[in-house]
Amino acid sequence: MPAPIILHLARVIGEIFAAADGRRSACTFFGKGPNMALIQATSRRSGYSLKTCLYAVIGFLGLLPMLCAAFGLVAIQSAARDDAALDRAARGTIHLERINGLVYAVVMESRGIYMSADWKAAEPFAKKLVKQLAQLQDTVHLWKDDAIASQRTNVDALAGRINEFVSFRTELVRLAREESTAAGRIFGDNDANRTVRTALNDNLSIVAHAYEQEIGRARAKVEANQRNFVSALAILAAAAVIALCVGIVLVRRGLLTPLLSIKDWMLRLAQGNLETQDNEYRGAAEIGEMVQAIRVFHGSLADRRQLGRESRLLSELNEWLQSCNSLGELYDMVAQFMSKLLPHCTGTLYIYANSRDVLESAKAWNGGKLKPAMHPEDCWGLRRGRIYTYGENEIDFPCPHIGIDEPHEYCCIPILAHGETIGLLHLEFSCDDQQQGEQPHKASITEQRRLGLVCAEQISLAIANVKLRDQLRDQAIRDVLTGLFNRRFMLETCRREFARAARTRQPVSLLSIDIDHFKKYNDNHGHDAGDTVLRAVGGCLQTVFRNEDVPCRFGGEEFVVVLPGATVEAASRRAEELRLKVEALVVRYLEENLPRITISIGVAAFPDAGDNPESVLKAADQALYRAKENGRNRVELSGAPEPNPRALTVHVTPSFIDAADG
């Protein structure tokens, strides 16, 4: 095969190597959630085909033996032609040397004839001469048949000269035989014979020189072919080495290095490490497909981990919300969990007030704003009765409660429980993910809105449960008519406060209260009037005593007040204050004033009146009975001697009230 073709193949292999090396970069991976069509499209853009390059290298390496065989055949044929040409030129030279030797021998035999005295002496020379002339003619015929084409003219001229030379020498022999040797000598020694001999020698010299040149050219061609053969073998060897190097580089850079990186990445994924790298892979298309497939797996694993985290937080949120004892505690927990579930969203929780005409800001997180109150008409979500997302549609209107003409994207999620709207969850989305593109931003908003909706459902059930629990608790510990604590709560409070007082060595006072002549209100004005009187007295009890005091309706028209930390003297002064306030009440019923309301109060204290709630309450009741017996509308202390009917009326001063509060 010619050397330029080998050089061209070497350049092609070099270009493949350069392309592979130019497109190589560090193997880095990761994206999020593509399908198989995206994987194939990305792999087509990722770079060259490793399979094609490897097949090209393997094919070239497989082609090298065939190239060597073809080149060997061509070299053998060329060597055979060169050897044939050289052999032909050599044979021509041999023929020329033989012709020259025969010519010389003929000349010498001719001289033998010249020197002979008669034919008998010259006859042996003549026979040899004739024989040599025949050999000369045969040699000339052989030489002409094997002569090279480039010397055909010189060969023909030389053959003509030899024919003339043969004719002259044949004539010389005839003359010497038929006439005399002297006649033959005269014929052979003339100018014509010398001219033929000279011309023959010149032609022999010309042809011999031409054959020498031809032999030189043939030898030079053989040597050139040998050099070309060695050069071609060197080029083939270099091409094989280059192809082998290209294969090694492709395997190492295009296959081994990416596969090792993929192995390290898979090990990190198996260990739970989901950290991503920033660069994009640019290399073999097949490796690119593997990278994209692992990116899909990585994205799915990251999504699953995120989903697991969200599910865990939602489960914990539900568990904690079910454990709340109050709405305030529930709101704090909601803020904590929402800041973890939606760290990039600012939020505010609004709850309907008891009046149901406004919503109050219960809690805010991640920089959310707390407002005193908002009207339901100020939110499109509440007005439309479903979730409202601003910025989702081509035409949107901001809610008036936002207070901004062009706010960022947000959503308002009504909180529903048992078919009733109890509040509003307001979430404002962050704009940081807009730099990643429109589609990722929309996907992020959709995901955050989904989480917000799930949280709203959990919050709604928790709020409804807490409210229902508070309502049931109020129904269990409060009197429906007066709003005071009931007898059960009073007894529980007495046991708790008496135990605490025993530990801290502090007093606990009890007031036993009864409305004077309460039956007359029911008999003369009806039971509704009696209920009105009970509510009025209950209102006085709620306003007179401290927050830590426990006023209760014991039953019927009887009331009991527990005063933790109050001595019997302080309790009696507070009882007198209550008596005066009740006595000053003016209660209207059916457009008329009811008769004046008075109460009788018995006062007892722990530990003077007893060491347990039952004993102290019994002592307070006995003091109450004495107040009834002594004319009602008065305060009696337990264990006190029979006093003057008005002696225990105490004048209450502000300083005394402050002391009692202490």
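The model is predicted, so local features need pLDDT of at least 70 and side-chain atom pairs count only at pLDDT 80 or more, while totals for chains, interfaces and linings use all residues. Residues are numbered from 1 along each chain as its sequence is written, and side-chain values use heavy atoms, with hydrogens and water left out. Helices (DSSP runs of H or I, at least four residues) and strands (DSSP runs of E, at least two) are numbered from the N terminus.

**Confidence**

- The average pLDDT of the chain (the predictor's confidence in each residue, from 0 to 100) is 79, and 85% of the residues score at least 70.
- Residues 1-10 have a pLDDT below 50, and this stretch has 12 contacts (heavy atoms within 4.5 Å) beyond near neighbours in sequence.
- Over residues 12-46 the pLDDT also stays under 50, and the model has 66 contacts for them beyond four places in sequence.

**Antiparallel sheet**

- An open sheet of 5 strands has the order S2-S1-S5-S4-S3, with antiparallel pairing; two strands pair if DSSP finds at least two bridges between them.
- S2 and strand S3 (388-390) are at the edges with a single partner strand each, so one side of each is left without a neighbour in the sheet.
- From one strand to the next, the twist averages 20°; angles run from 0 to 180 degrees between N-to-C directions, and axes are lines fitted to C-alpha atoms, for helices over the stretch in contact.
- S3 pairs with strand S4 (residues 410-417) over 3 bridges in the antiparallel sense, and Tyr-388 has Cys-412 in S4 as its bridge partner.
- Helix H9 lies across S1, S2 and S5, at about 45° to S2.
- Helix H11 lies across S1, S3, S4 and S5, at about 30° to S4.

**Second largest pocket**

- The second largest pocket has a volume of about 410 Å³. On a 1 Å grid over the protein atoms alone, where a 1.4 Å probe fits, a pocket is an open set of points with protein on both sides within 12 Å along at least five of seven lines. Grid points are joined across faces, edges and corners, and the volume is the space filled by probe spheres set on the points.
- Its lining (residues with an atom within 4 Å of a point) has 18 residues, with Tyr-352, Asn-354, Ile-422, Ile-463 and Lys-467 nearest the centre of the pocket.
- Two or more lining residues come from each of helix H9 (327-341), strand S1 (346-352), strand S2 (359-365), strand S5 (420-428) and helix H11 (438-477). H11 gives the most, with 5 residues.
- By class, the lining has 11 nonpolar, 3 polar and 4 charged residues. Ala, Val, Leu, Ile, Met, Phe, Trp, Tyr, Cys and Pro count as nonpolar, Asp, Glu, Lys and Arg as charged, and the others, Gly among them, as polar.

- Another open sheet of 5 strands has the order S7-S8-S6-S11-S12, with mixed pairing.
- Strand S7 (550-555) and strand S12 (635-637) are its edge strands, each pairing on one side only.
- Strand S11 (residues 599-606) pairs with S12 in the parallel sense over 3 bridges, and Val-603 is opposite Leu-637 in S12.
- Helix H12 lies across strand S6 (508-515), S7, strand S8 (558-564) and S11, at about 135° to S7.
- Helix H12 (residues 487-504) packs with helix H16 (residues 613-629) at an angle of about 115°, and their axes are 10 Å apart.
- In this contact, Met-490, Cys-494, Arg-495 and Phe-498 of H12 meet Pro-613, Val-616 and Leu-617 of H16; the residues are 6 nonpolar, no polar and 1 charged.
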